[in-house]
Amino acid sequence: MTTWIDASCIFIVFLSLGILATYRIVGIIKIFAAQSFVLGLVLIFLHAHNLSTRDIVISLGTMGLKGVLVPYILFWAIRHVSMRSEIKPVIGFGTSIVSGALLIAGAFWISLSLKLPGKPVSDLILPCSLATVLLGFMIMVTRTRAVTQVLGYLIMENGIFLFALSLFDVMPAMIELGILLDIFVAVFIMAIIVNNINEEFEQAPASVSRSKMGETF
Amino acid sequence: MIMILSILCHWLIVLLLAPFFIGVIAKVKAFFSGKVGPSVFQPFFDLIKLFNKGAVYSKTTTWIFRAAPMVLLASVLILSLEIPLGVFKAPVQFSGDIFFLAYLLALARFFMIAAALDTGFSMEGMGASREAFFSCLSELALFMNFITLALLAHSLSLSHMIGADIPMSWSHVGPALLLIVASFFIVLLTENYRIPIDDPDTHLELTMIHEVMVLDHSGVDLAYVSYASAIKFLIFSGILVPIIIPFRTGDLVMDMLIFLGGMLGLAVCVGIVESSMARLRLNRVRNFLLIAFALAFFGFIVTMWRG
Amino acid sequence: MNKTLEFLWHVPFGDFSLRLDPLSVLFLTAIFILVLCAGIYGVGYMRSYQGGKSLGLHIFFYILLALALIVVVTANNVILFLGAWEVLAISVYFLIVFQDEKPSVRRAAFLYLIAAHCGTFCLFLMFFLMAHAAGSMNFDVMAQTNFSPVIAGTIFFLALLGFGVKAGIFPMHIWLPYAHPAAPSHVSALLSGVAIKTGIYGICRILWIIGVLPDWCGYVLLILGIVSGVMGVLYALGQHELKKLLAYHSIENIGIIVLGLGIGLLGRNHQMPFLAVLGFGGALLHVFNHSVFKGLLFLGAGAVIQKTHTGEMDHLGGLAKTMPLVSGLFLIGALAICGLPLLNGFISEFIIFFGLFHGLLGLPLQGAVLCALGILSLALMGALALACFTKVYGTVFLGEPRRPTLPTEMPIKTSPWMIVPMVILAGLCLWVGLNPQPMAGLALGGGKYLIHAAPLSVIDLSEIFIPLSVVVSCTFILILLMAFLAVARWALLRSRPRPISETWNCGFSHVTPRFQYTSSSFARPITDFVKALLLLNRHGGKVSGEFPGKMQISSSVHDASEERMFRPVFLGLTRFSKKLEETRIRYTQIYLMYIFFFLIFLLAWKLK
Amino acid sequence: MLSILIMIPFFCALCAFLPLTKQFRYKLFFVVSLIHATIVLLFWQHLPSPEFNGFLELDQLGLIVLSIISVLYLFVSVFMAGYFEHEQRSNRTVTACLLALLSTMTLASASRHMGLSWVAVETSTLFSAPLISFHRNQESLEATWKYLLICSVGIALALMGTFFLAIAAHDVHTLLLPTLLNNASSLSVNWLKLSVIFLLVGYGCKMGLAPTHSWKPEAYGQATGMVAVLMAGAVTQCSFLALMRVGQICSKTGLTDFYSSILILTGLLSLGVAAIFILSERNIKRAFAYSSIEHMGLLVLGLGLGGVGVFGAVFHMINNALAKVIMFLTAGSIAQKYGSSRVDEVRGVIHVYPVTGMFLIVALLAGTGMFPFATFHSELMILNAAVISKHYILCVFAVVCLGLMFIGMARIILDVVFGQPTQPVLAKKENFFMNFPIGIAALLLIGLGLWVPTFLEKVIRHAALLTGF
């Protein structure tokens, strides 16, 4: 099983890196959905030897919520709000990929001095989750549209969830905290959509203050 | 009682001597311009004449204008008490009397300037303005000299500063004293409104300092002012002469004669300067006064160096 | 005289402990006198505002100010002191901002508040440093402590900053010339008379607490005293506005006081107790004297402004005829501030001069040179102050009215509520000038207290008291002599004609009052001489052509410390802030980037 | 008792969502605040017993935070009466969210479990977001978005930190604070360090410490006065409580220096940022937001300096909350009266509304720590702590920042208070319900500045000792 877990972890990081290289919002959402599926799989791999109902529920919940529902809402939002899908990052793609790579290296470097207690299933979980968190953060920093920032946040949140998974047997309460964060994210997304719709309505007068308000939307 | 007597005597001498030196200066000037000139006692006659006249007052003026000459004369009379006149010791001498001297002069100046402004005319204001400015600079030089003298005499009393220690100082820091004498001479010329700072005999109001300030005074008031000017000259030369001529023979009559001779010599010197120099342009005067200050400052440095 | 009064007070580090010692007694005397006089005066002065504005707030803050002043000079505990200090600052602010509809008043009050509060922050640092070294927040315990030279020097430096702002020592004085003219006159009197003296009190208190200060402190005090004295009076000369001019004179007098403190400190450091007593005593006496005569001058200025509605000197003139009483009282104040004999200013300046000369003769080389500089600058200050006050008195009270709008009915009635306090203050000026023994004794006693002289140790003060008594007797002779001369003049003129006519006008025709020398032209030779220091600006006045038309000339003096030091710094900061604000608004990502980098930084910093 | 205290507001929040009259909702809010305050008052007599296996327990620190929250709600509930007299909009969302916020904040202050604390802080973020967008215009939605964005990042980081803490506490197998403290020696130091960094940045976002402060001016600038009071005075204090909890753990594991150096750095950064930004600010509410950043910096600084500083910080929590009541409620009442809080549009307040004008000045004095106000003492203690711990340069820097802060604040407020009055939008009269709580808060703050009651001092001292700094 360890091989599968390792492979999924690497894949998760790779997908995050892939988002850095993607410049269409639709593409980013698709990558995110894929990542969330892999995340659900990791949970199953982790507990493959004695799979409990709770594990399956959480795994399916994750896949359903993040892999289907959230992307669906986002697609809906883009369609209805007619958000411009071209995104212009603050730094170029080349640079962002290079710095993404550097961040991954940093995450591994930090993990060197940190030993997970107990007997970890895979020693890749910690560095990979850290790397995902940092990459998610970086997406938030470098992208200018609200939706992409949310996606960055979601990636970050995936990293945290991955990390929480590794703690599953150590501290069961942790996973609940992670789920709470998921709920939080849901509300968060709702707020953005409300916000965007509102912006659509007030398009005309808002254009004047656009330059003053920044380029969030 | 003796104190009061000595004060009165001092005043008597001062009042008698003062106009005489003014007369001497006038005589010397007349001599150099090839005239006979009035008698050296002419200032006395002038004063008597003024005392016997009535006075004209401007309707603009207030009591300040009338009080100023009295303050002036009273101040210089008090000042004269601090000055030793040859063998006659100063009746008033105490530690720190130099400040009293300077500030009494200032008191008189305050009232004279106020009186000039009281007339409400630009000429007087002009003179007052110049007087205020030049007195700042001359006061600086004056105090610089006092500082050096105090350092030399280790005392704050004028009588000590220009008294017994001077001969020793000449041998010890002669150059410094020489500088002081030069500087003090300029201060003397300034404070008494002599050429090259001011021309007491000019007839152009625009260029005058002291004379224009008292333009509106007449009668007794003018007499007070003129008398005060004469006494002021006496006071300053009374300070300068003991520094220049520090000899003491011990014989009272001889010493007195030396002192009087010195005073006379100084008056002649002033007369010569007045005859041989032209009045400086007004904006040069401040440089001239700064030179006085620089001389005094140099003297101070030399003294500190030696001391 | 050391009395401590304790009450229960429950705040952190606080202790409601009041202490009465010679130092506080001296300041208290000044405070009581001036608070009362200015208060009585205020009753008459504020009458013209009645109806338009509610005076309740004004009265409330006046009383608060009085209380704060009293607590400041008697507090024995750091927290109590700082608390009273803050209350003082706030109440003064509200008193200044009374006429808040004028932008200049608002600006002045704002500047004051900032200066006061920023100064207080320095005091926080200073007191904590002291309290930390002494292990107590009470002054009398602190005074028992031996401070290390570095700590003592730092404390002293901070005290200079913190208290110097309040006192208006030269580079930190920028609030002062704005605040004084903006406030109602009785408040300016209080402000200049006692409020800024609390800064001096603070410095004195520090000198008392820290028994051994490094030598440079004395030199710094001397230099600061010289600079603020000379600069203060020079700026005063350049002013056109009566109360602003008086405000700059406060800076000058603070300079004189600081000069005295410097001498005292040098004397204390070089084991010359007599010199120390002269310096400290002279400074303390000048504190008292200055509050009396400056109070008198501000009250006088207020009386003028109340009737003429302007403080612009070049619009006034001839008021001596319409307001004889006020003009006479103002003259007394003017003579006193110039340090002329007869009045109290001379006594304190005499003592400080005396100290400077003693320092010149007794101190080592650098001390002696500084003393010489001090003497020169004090003499210069005297001469310049004379120029300045002849200018004020001459243009405001003498001559002819420069504007036809000035009141001409004879004489203008000034409310007795306003006259009586001025008479009291003028009387005090004369009393100290003619009978200096009691006040000088009190001040020199304060000086003795500052050098921690054992109560029974003999410092022979007769060396200063004898000259003082001679001075006083000479002054009496002077008065007698003047009386004699007046009688003589009367006798001589009695039978002679005394016609009244126009001033001799050198043959000009159509002379109008506008021919008179204005205050700016009177001061011009001096301001021109130092125009680089004063940042003198002059516009217009160039006459050309054969028949020149109407010409205008205006000149203004700018404060070097404000223009060259504070304004550029503050402008730079504001500009920097604006620039940051712009970038912040433009990009939301920057918000996140900050967090990101901060996180990375902390990880890199703390985990390796 | 504690669970009841948490549940009451929560259920009432649900009730408030029902279609009720404005008056009823308001009364509900007031009654809940009153009940909450009464129960908290009882806690001062003796602390309530632990509940849920020690997950909920009130110690002195929690008690102080809880009391602050309770008092602020009481003030706000009175103010609300006046505010909604002039407001057309429904108070449904506001009341419900406020009550829910009260519930979560009570939970945050009573929680003894680090995970539970995180949950409480997270939900409080959720419930405060709709409050900011009360005005429903472009700016307020934008502000809400920024608030959510930054705080959610902070919350994610705090969750990471909590995870790391859990790993560090692997042997203890729980995140209950007392257990952690008792077994401090068995915590893994490396993981703990990582955890502390993430927790600090995470909770710092919520608290508004620089450089994570940037949502504050926007959010406070757009929120109504009442909401801003609760956010600046109560929500932030919950995060600070969490930071103090972290401090407790650090002091037991010998990480005091590690933690305090970070705290001091953050505190100074906050002071500096607030001081620089306020200089060009022209909006009262935003200026007050910078003042809030400054005060948060002071709190953190006090905690980091230790000793007297902690006492000062705990005392400052109380004072800061009261000062924020004065500041934001006054700003709120002005914003309502003039329809703006920009300096260019609001001038000469004291001539039109004398009481409000005076309150603005009181806000200035209280916010910048002038004497009769207790903020003076707490600021002084924090500065004193800097001197005692020989951080001289730090102290000078802090003092310079405080000075600049004062300049910035004074410039804005005095411009607003004095001068030629501009015409207000609303009627020319003061509202008693709006002025009453401000006045009481001012009196309380002055009272604390003149006399700190012994019982309060004892509790503060005890609370300061708890942190172990």
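This text leads the reader through the structure shown above, from one chain to its contacts and then to single residues.

The structure is a predicted model, in which local features need pLDDT of at least 70 and side-chain atom pairs count only at pLDDT 80 or more, while totals for chains, interfaces and linings use all residues. Residues are numbered from 1 along each chain as its sequence is written, and chains are lettered from A and ligands numbered from 1 in the order in which they are written.

Chain C holds 23 helices and 5 strands; here helices (H or I, at least four residues) and strands (E, at least two) are DSSP runs, numbered from the N terminus. Along the principal axes, the C-alpha atoms of chain C fill a box of roughly 100 × 70 × 55 Å. The radius of gyration is taken over C-alpha atoms, and the globule rule is 2.2 Å times the number of residues to the power 0.38. For 608 residues a compact globule would have a radius of gyration near 25 Å, and the 26 Å of chain C agrees with this.

Burial gives a second view of the chain. A residue is buried if 20 or more other C-beta atoms lie within 10 Å of its own, exposed if 12 or fewer, and partly exposed in between, with C-beta atoms placed from the backbone. Of the 608 residues of chain C, 58% count as buried. Two residues are in contact if their C-beta atoms, placed from the backbone, lie within 7 Å. Among the contacts of chain C between residues at least 6 apart in sequence, 79% join residues at least 24 apart.

Chain C is divided into domain 1 (3-453 + 462-477) and domain 2 (560-607), with bounds that come from an automatic or database domain assignment. The C-alpha centres of domain 1 and domain 2 of chain C lie 41 Å apart.

The next subject is how the chains meet. Among the 4 pairs of chains that touch, chains B and C have the most contacts. In this pair, 66 residues of chain B are in contact with 65 residues of chain C. On the side of chain B that touches chain C, α5(B) gives the most, with 18 residues. By class, this side of chain B has 42 nonpolar, 15 polar and 9 charged residues; Ala, Val, Leu, Ile, Met, Phe, Trp, Tyr, Cys and Pro count as nonpolar, Asp, Glu, Lys and Arg as charged, and the others, Gly among them, as polar. Strands also link these two chains: β1(B) and strand β3 (residues 500-501) of chain C pair in the parallel sense over 2 bridges, where pairing requires that DSSP finds at least two bridges between two strands. The bridge partner of B:Ser58 in β3(C) is C:Ser501.

Chain C also touches chain D. This contact takes 42 residues from chain C and 45 residues from chain D. On the side of chain C that touches chain D, α3 (78-96), α4 (103-134), α22 (560-586) and α23 (589-607) of chain C each supply at least two residues. The helix α4(C) gives the most to this side, with 12 residues. The residues of this side of chain C divide into 27 nonpolar, 7 polar and 8 charged.

Some pairs of chains do not meet. No contact joins chain A and chain B, whose closest C-alpha atoms lie 60 Å apart, and none joins chain B and chain D, where the corresponding distance is 41 Å.

A nonpolar core is a set of buried Ala, Val, Leu, Ile, Met, Phe, Trp, Tyr and Cys residues joined through C-beta atoms within 7 Å. The largest such core has 633 residues, and those with the most contacts inside it include C:Ile96, C:Tyr112 and D:Ile413. The largest share of this core, 22 residues, comes from α4(C). Leaving aside neighbours within four places in sequence, D:Ile413 is in contact with D:Ile284, D:Leu360, D:Ile361, D:Ala363 and D:Leu364.

Two single residues complete the account. C:Val557 is placed in the loop between β5 (553-556) and α22 of chain C. C:Val557 is buried, because 23 other C-beta atoms lie within 10 Å. C:Val557 and C:Leu534 are 23 residues apart in sequence and 5.8 Å apart in space, C-alpha to C-alpha. D:Ala323 is found in helix α13 (residues 308-338) of chain D. D:Ala323 counts as buried because it has 31 C-beta neighbours inside 10 Å. Not counting residues up to four places away in sequence, D:Ala323 touches D:Ala366, D:Gly367, D:Thr375 and D:Leu445.
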